[in-house]
Amino acid sequence: DMKIVDLTLEITSDMIIFPGYPLPTFIKWSKFDTQGYISEVMFLGTHTGTHIDAPFHFNPNGQTIDQVEVNRYICNNAILMKIQKNSNETITSDDIIRNSEYGIREKDTVVFSTGWENQIKEKDNYIKNNPGLSKDAAEYLVEKKVNAVGIDCPSIDIGTDSGFIAHKTLLSNQILVVENLCNLYRFNNYKFMLLITPLKLTGTSGSPIRAIGIEE
């Protein structure tokens, strides 16, 4: 039996966004009464809601979202690590080693379920005090040569880290970063299949995605 779970936040005009980013705006463009069809125009940041960071996000010479090989978006081997963390707590390399009883192999995608998605109702807290990866955890994942790292937080770095150490460590090593995942708690297994579907935006540092998890 297959379980298919939508791991994506809704994009709305009053959602939580990273400080300094614009709120998504949807403009009604055509009306059914006049043009006979309905359409909208949207204005939103490329790092809105559940999204992916391309290496270019922190490296002017890194790949942009359209340059990333498309096969990297189909993560047959996503390893789910349920590691509960609270405000500004880090996931350490020790946490990862303790939870990777099955081992992390090259090109695996590692997804962290910290439980922080439950904080989304507390808007300020969710965006400013989230847990994230420590420097040594990011370096450990680089050593393992993983494909991508995902998390149920607005950032892969803890809320208080203005130096973005986890971002820099992962992206400078061409490891993709997926943020603002949700519903990870619905999986029971430690392994699932993750589909990441960014728009093919030329020259950009990231894209909102529809993240879909499939558990056998």
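What we are looking at is a predicted model, in which local features need pLDDT of at least 70 and side-chain atom pairs count only at pLDDT 80 or more, while totals for chains, interfaces and linings use all residues. Residues are numbered from 1 along each chain as its sequence is written, and side-chain values use heavy atoms, with hydrogens and water left out.

So which residue does Glu215 form a salt bridge with? The partner is Lys3, and the closest N and O atoms of the two are 3.9 Å apart; a salt bridge here is a side-chain nitrogen of Lys or Arg within 4 Å of a carboxyl oxygen of Asp or Glu. This pair links distant parts of the chain, since Glu215 sits in strand β12 (residues 206-215) and Lys3 in strand β1 (residues 3-6), 212 residues apart. When I name such elements, helices (H or I, at least four residues) and strands (E, at least two) are DSSP runs, numbered from the N terminus. Lys3 is partly exposed, with a relative accessible area of 28%.

A second salt bridge joins Asp6 and Arg210, with 2.8 Å between the closest N and O atoms, and this pair too links distant parts of the chain, Asp6 being in β1 and Arg210 in β12, 204 residues apart. Both partners count as partly exposed, Asp6 at 29% relative accessibility and Arg210 at 48%. In general, side chains of opposite charge can pair when their charged atoms come close. A search of the whole structure finds five salt bridges, and Lys85, Asp95 and Arg98 are linked in a network of them.

A further salt bridge takes us to a helix, for Glu139 and Lys135 meet at 2.8 Å, N to O, and both lie in helix α4 (residues 135-143), four residues apart, about one turn of the helix. Glu139 is partly exposed at 33% relative accessible area, and Lys135 is partly exposed at 44%.

Which residues of α4 are buried? They are Ala137, Ala138, Tyr140 and Leu141, and they lie on the same side of α4 because they cover an arc of only 160° around the axis, the arc being that of the directions from the helix axis to the C-beta atoms. These buried residues pack against several elements, among them α2 (93-99), β7 (109-113), β9 (148-151) and α5 (165-171), with contact meaning heavy atoms within 4.5 Å.

That leads to the interior, where, as a general point, nonpolar side chains in soluble globular proteins tend to be buried together. A nonpolar core is a set of buried Ala, Val, Leu, Ile, Met, Phe, Trp, Tyr and Cys residues joined through side-chain atoms within 4.5 Å. The largest one has 29 residues, and those touching the most other members are Ile96, Ile104, Phe112, Leu133, Leu141, Val149 and Leu170. Elements that each supply at least two residues of this core include β5 (74-82), β7, α3 (123-128) and α5, and α4 gives the most, with four residues. Apart from this core lies another, of 22 residues, with Val68, Tyr73, Ala78 and Leu194 among them. Going back to Leu170, its contacts beyond four places in sequence include Leu133, Ala138, Leu141 and Val149.

I would also point out Gly132, which is in strand β8 and is buried, with a relative accessible area of 0%. Leaving out residues up to four places away in sequence, Gly132 touches Glu89, Thr90, Ile91, Ile151, Ile156, Asp157 and Ile158.

Finally, a word on the backbone. Most residues other than glycine have a negative phi. Phe164, however, has a positive phi near 55°; Phe164 lies in the loop between β9 and α5 and is partly exposed at 26%. Asn180 also has a positive phi, near 65°, and is placed in the loop between β10 (176-179) and β11 (191-198). Is Asn180 buried or exposed? At a relative accessible area of 6%, Asn180 is buried.

Definitions and conventions:
Buried < 20%, exposed > 50% of the residue type's maximum accessible area, 1.4 Å probe, protein only.
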